[in-house]
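I wanted to go through the side-chain contacts in this one.

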Amino acid sequence: MRLSIKNQIQPTASGPLLTAIGLLSAAIIAFQLALMQVFSIVQWYHFAYMVISVALLGFGAAGTFLSLFQNWLTARYRQVLPALCFLTAAGMALAVGASQLEPVRFDLFLLFSDASHGWRLLVTYLLFFLPFFTGALAIGLTFVMYAGQIGKIYFSNLLGSGTGGVLALVLMGWFLPNEMPALLAVLPLLAGLVILPKKNWKLPLLASLSAVAIAVAMFSPPRLHPSEFKDLSKTLLLPDAEIFTEKSSPYGLMQAVRSPVLRHAPGLSLNYTGPVPMRPVIFNNGNWDGPIVPKPRDGEPMELNYSTAALPYVIRQPASVLIPGAGTGEAVAHALARNAGKVVAVEPNAVLVSLLSDELAAENDSLFHHPSLEVHCLEPRTWLMEDPRRYDLIVLPGVGSFGGSSGVNAIREQFAMTREAFTGMWNHLAPDGLLAVTCWMDYPVRNPLKLLATLAEVLEQKTTGDLTAHIAAVRSWGTITFVVKKSPLTAEEVERIRKFCEEMSFDPAILPGLQPAERQQFNQFQDSLFFKNIDALLSPDRDSLYRSYAFNIRPATDQRPFFSQFLRWKNLPQLAEWTGSQSVPFLELGYLVVVFTLVQIAVVALVLIILPLFKIGFRNGGRWWVVLYFGGIGLGYMFLEMVFIQQFILFFGNPIHATAAVITGLLVSSGAGSYFSERLSFQPKKLMTVPLLIAGLVVVFAFALSPILQATIGLPMAVKILLLAGLIFPLGFLMGIPFPAGLSMVAKHQQKATPWAWAVNGFFSVISTALATIVAVEMGFSWALLLAAAGYAVTAGAVRLARF
């Protein structure tokens, strides 16, 4: 006769069991981070959302599986738990290699043109779903078996998860991305060995097979195959191209490539007759980072002097230059070649700076050791908020790419390109200072117009009178450079710009006193629409162009820092008519992929999580309160985590530090809350109180978090960490209570619904990862936080529907 857990005396959670849960949880989180890096290399960073969603899908499906087979699993849990750990270890070790097999590999750029790649993506889902499913099933089964001690188990789960996040970041600095999964697979193997029961010959055999799988993957790591459309893949097709330096870190996999025909001269004047030297190039996760440029030699002109990027140096000679987002140092070398007395380079990628300063110093002639150069490894916005100095010239990194982009950066937070960022840079200019940025021309035109819209709104806020008195723009066959001046441009400066354009066969696009005929002397457009749009953006009535233009060209803001997001859903039919329905995805690929991922993962989650639950139905007490209660927690927690990571990037000045700090802080504080929840005796009214408190705090954060972070951004790092702990720990502590407390109430009053609650929480967590990003893009971070608060409010209200 089978007995439910409710009618059995539950065993006590032992030290080995808690250790095993901690090891397994650490492995799952670390494996997620490792997969994010793998996908950033073979595809693009957008698939970080897919990894998170697939992981949560595994947890949700595990809950459903528990709902259907609870009695069978619980009757054999001493054998099932270690077996699941061993299966998880084998799955982690083998999944990446299997996903790189030719019949399985998919390509982002082919998803919308070749149906087979949609099926390949589904197979990839399944491969990575399996280790998350078996790992989550082990954790979920433990929750069911020890429901009366859920606080301890949940604490081990969250503490292990927080530790796993830190462990992954440490290992990324020592091992290549394709080596990471096998290393992390050792953790679930150890978890299974810790709880291995005696006198069972099958389990040691399974453990041995898992160990063999790990050894094979460890000593023969799978080869990663980047998309054929990635910058690195195309560059390696050049004659005698080779990767001569490679370094892995949490910032990504950096690779230096050389080829005798590899040259870089963006927007070079067609009048230039000198040689274009070969330049090695650095790629980060297969994406172009920039050329390795040597230190300028006296009397030797630089190619950039013959590009539109020379415009600010034509206007006036700067004594001090700030280069936020210095990258590989091309703008640094240009500033030094133009005899700038002091150059300050700010670059958030500390490993890139280390490479250029040490291992690749011979390639750039020790450029980063130049006596006139000062280098800081920090996010540019963070540096600007801490630095009190004023500069004669600020040069931003180039925007866009040759021939236009496919929107792969649409959902990347670009805090250095927001209206607030440009306002901050304006405030750091000397009285006659210049701010310059070069942009590739794209068709349809998006980047130049959005950039000009941002500059126009800043000028409108900071100056009086005619905006064109403070701005100049010069266009070549492929690039356009905008320069804004804090004081009005003088007649002498305007004449120098005209002379520069004549010498280089460039066309002035914006200039005080500019005549229409001057705009297309050397580089012709088929029509004058581009110039009409420029004039509209410089007029007080630019809002009409914002509303009527086919793409979103409104300036990015700190609330919506997605500069490269141009898609307007209502204009999709118009775009399809202009470019053809199959071409539209390639204009806005990045954002569409997130939407595609949301739809696809939601459908898969419905099939694997929700539909099987109808077998047990809503009979015997009703379970709508469980759906609302645990669904609200899943949505609220994930929305909050995603937004916190994005908000703290600017605060810490480094996305890696922000991600590690937020995830670790939330998981550890939530773990403490779950541990404490075991001591509380929750009645329905008390169960409502905690989510309501969380919702109230989140509403406060929605309006107060950004001002608090910006006011304290200049504090020392140690103080920042303490401030983060002070902000996150009380909220995280409370967020750790509703799930185990609710699970305990379900186990006590509706025991058969325990795995059901786990599944619903997983489903809403799955869809929330991509949904939170879409909400942030469309509505802003504050609205995403308000929706997180609404999720917890729903959780509180759901208690009133419970029948106990």
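My entries cover the ground rules, then cores, rings and charges.

**Ground rules.** This is a predicted model, so I kept to its cut-offs: local features need pLDDT of at least 70, side-chain atom pairs count only at pLDDT 80 or more, and totals for chains, interfaces and linings use all residues. Residues are numbered from 1 along each chain as its sequence is written, and side-chain values use heavy atoms, with hydrogens and water left out.

**Cores.** I looked up nonpolar cores, meaning sets of buried Ala, Val, Leu, Ile, Met, Phe, Trp, Tyr and Cys residues joined through side-chain atoms within 4.5 Å. Buried is under 20% relative accessible area, exposed is over 50%, and partly exposed is in between (1.4 Å probe, protein chains only). The largest core holds 166 residues, and F143, F630, F644 and F648 touch the most other members. Helix α21 (residues 624–652) gives the most to this core, with 20 residues. Helices (H or I, at least four residues) and strands (E, at least two) are DSSP runs here, numbered from the N terminus. I also noted a second, separate core of 52 residues, with L378, A421, I471 and I480 among them.

I then listed contacts (heavy atoms within 4.5 Å). Leaving out residues up to four places away in sequence, F648 touches A658, V662, L705, L709, L724, L727 and I728. T142 sits in helix α4 (residues 115–145) and is buried at 0% relative accessible area.

**Rings.** For aromatic pairs, I used rings of Phe, Tyr and Trp (its six-membered ring) with centres within 6.5 Å; planes under 30 degrees apart are stacked, over 60 edge-to-face, and the rest tilted. That rule gives 23 aromatic pairs. I picked F31 and F132, a tilted pair with centres 5.4 Å apart and planes at 45°. F31 is in helix α1 (residues 15–42) and F132 in helix α4, 101 residues apart. F31 is buried at 0% relative accessibility, and F132 is buried at 0%.

Next I checked W440 and W477, which are edge-to-face at 6.4 Å centre to centre and 65° between the planes. W440 counts as buried at 16%, whereas W477 is partly exposed at 36%. I also noted one aromatic cluster made of F143, W625, Y629, F630 and F739.

For charges over rings, the rule is NZ of Lys or CZ of Arg within 6 Å of the ring centre and within 35 degrees of the ring normal. K450 lies over the face of F566, 4.9 Å from the ring centre, and K720 has its charged end over the ring of F651, 5.2 Å from its centre.

**Charges.** How many salt bridges does the whole structure hold? I got 19, counting a side-chain nitrogen of Lys or Arg within 4 Å of a carboxyl oxygen of Asp or Glu.

- E303 and R279 meet at 3.0 Å, N to O. E303 is buried at 10%, and R279 is buried at 10%.
- E457 and R419 meet at 2.9 Å, N to O. E457 is in helix α15 (residues 447–462) and R419 in helix α14 (residues 419–427), so the pair ties together parts 38 residues apart in sequence.
- D543 and R554 meet at 3.7 Å, N to O. D543 is partly exposed at 35%, and R554 is partly exposed at 38%.

Last, I found K342, E374, D387 and R389 linked in a network of salt bridges.
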